[in-house]
Amino acid sequence: MKRPTTTTAPAAPSALGVAVGLAAAPEVATGPEVTHGPKVTTRPAATPGPGAPTEAGATAGATGLPRPRADAVRNRERILTAAREAFVEFGAATPFDEVARRAGIGNATLYRHFPDRPTLVRQVVLFTMGRVTASAEGSLAEEPDAFAALCRFTHTAADERIGALCPALADDFDREHPELISARTALETAVETLLTAGQDAGLVRTDIGIGDLMVALSQLSRPLPGTACLDTDRFAHRHLQLFLDGLRAPARSELPGSAATLEDLRQKTM
């Protein structure tokens with residue numbers, strides 16, 4: 001599959017890291033386009049009809065809650081994107097000053113959105129998970145066949161820094177936060193649906209499971225120790241495609257052991 005080009009983007013992976021991969025939090029806009037992999041198409045916002053309330057005074061459906069201002073949404077998006085890239089380079093202990101500098105905002109704006117580090121880390125993970133989930137769903141809906149969809153999803157997920165973000169999920173990370181559980185379930189469902197579609201169509205070998213896919217994606221998209229982590233994209237995508245070619249049906253070899261499931265990963269690593 002020829003992938004279109006867009007204009008921009010703990011030693012062993014924890015079960016959370018490979019399972020969550022790294023639904024944006026509610027009302028979070030998606031980040032900037034990534035530099036590799038296909039572009040994920042999003043549905044354009046509907047045009048307000050005559051007499052519709054302005055954004056500043058609109059209410060979000062029947063909840064009666066004020067809709068976020070456009071500049072607040074943009075600021076949140078910039079912060080989450082900047083924090084994700086900073087975490088990839090320096091880890092989740094990156095100073096807030098550095099995140100604010102990268103996002104082009106003041107510290108006060110950063111703290112207004114994310115009052116402490118655990119909140120910021122959790123929201124970065126949710127933000128990335130949402131983008132990866134949307135990629136899986138969009139790929140299956142838009143690509144000509146299920147194997148092409150699997151390839152598109154895998155490369156896009158690598159651009160979302162899944163593997164490199166795993167170290168952010170430190171021991172004090174709240175793996176059982178309700179938002180995280182909900183987003184993780186959505187992600188797992190989307191990826192399993194994508195993989196099953198390929199197997200049902202006879203395009204993907206049937207002796208692999210979602211756990212095999214997520215482990216490989218986590219490992220192959222993570223920078224090697226001592227390397228300039230943001231310069232490894234060209235290698236990651238090359239090696240991911242080699243892996244994907246090995247998933248084609250009919251299988252050309254017999255795999256040792258049995259297909260890995262997400263439950264297998266959780267039992268062994270959590």
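**Exercise 1. Determine how many helices and strands the protein chain has, and in what pattern they follow one another.**

Step 1. The protein chain has 11 helices and 0 strands, where helices (H or I, at least four residues) and strands (E, at least two) are DSSP runs numbered from the N terminus.

Step 2. Read along the sequence, the pattern is α-α-α-α-α-α-α-α-α-α-α.

Step 3. The model is predicted: local features need pLDDT of at least 70, side-chain atom pairs count only at pLDDT 80 or more, and totals for chains, interfaces and linings use all residues. Residues are numbered from 1 along each chain as its sequence is written, and side-chain values use heavy atoms, with hydrogens and water left out.

**Exercise 2. State what percentage of the residues of the protein chain count as buried.**

Step 1. Buried means under 20% relative accessible area, exposed over 50%, and partly exposed in between (1.4 Å probe, protein chains only).

Step 2. Of the 270 residues, 46% count as buried.

**Exercise 3. Describe the salt bridge of Glu98 with Arg101, and decide whether each residue is buried or exposed.**

Step 1. A salt bridge is a side-chain nitrogen of Lys or Arg within 4 Å of a carboxyl oxygen of Asp or Glu. In Glu98 and Arg101, the closest N and O atoms are 2.7 Å apart.

Step 2. Both residues belong to helix α3 (residues 96-103), where they are 3 residues apart, about one turn of the helix.

Step 3. Glu98 has a relative accessible area of 19%, so Glu98 is buried. Arg101 has 56% relative accessibility and therefore counts as exposed.

**Exercise 4. Locate the partners Glu160 and Arg131, and classify their accessibility.**

Step 1. The side chains of Glu160 and Arg131 form a salt bridge of 2.8 Å, N to O.

Step 2. This pair links distant parts of the chain: Glu160 is in the loop between α6 (146-159) and α7 (162-165), whereas Arg131 is in helix α5 (residues 117-142), 29 residues apart.

Step 3. Glu160 is buried because its relative accessibility is 2%. Arg131, with a relative accessible area of 13%, is buried.

**Exercise 5. Identify the residues that make up the largest nonpolar core and have the most contacts inside it.**

Step 1. A nonpolar core is a set of buried Ala, Val, Leu, Ile, Met, Phe, Trp, Tyr and Cys residues joined through side-chain atoms within 4.5 Å.

Step 2. The largest such core has 26 residues, and those with the most contacts inside it are Ile79, Phe87, Leu110, Leu120 and Val124.

Step 3. At least two residues of this core come from each of α2 (70-90), α3, α5 and α8 (178-200).

Step 4. Leu110 is in contact (heavy atoms within 4.5 Å) with Ile79, Phe96, Val99, Ala100 and Ile105, leaving aside residues up to four places away in sequence.

Step 5. A second, separate core has 24 residues, including Phe147, Phe153, Leu187 and Leu240.

Step 6. In soluble globular proteins, nonpolar side chains tend to be buried together.

**Exercise 6. Classify the packing of α2 and α3 by angle.**

Step 1. The two helices pack at an angle of about 125°, with axes 8 Å apart. Axes are lines fitted to C-alpha atoms, for helices over the stretch in contact, and angles run from 0 to 180 degrees between N-to-C directions.

Step 2. Angles under 35 degrees count as roughly parallel, over 145 as roughly antiparallel, 65 to 115 as roughly perpendicular and the rest as oblique. Therefore α2 and α3 are oblique to each other.

Step 3. Among the residues that meet are Ile79 and Glu85 in α2, and Glu98 and Val99 in α3.
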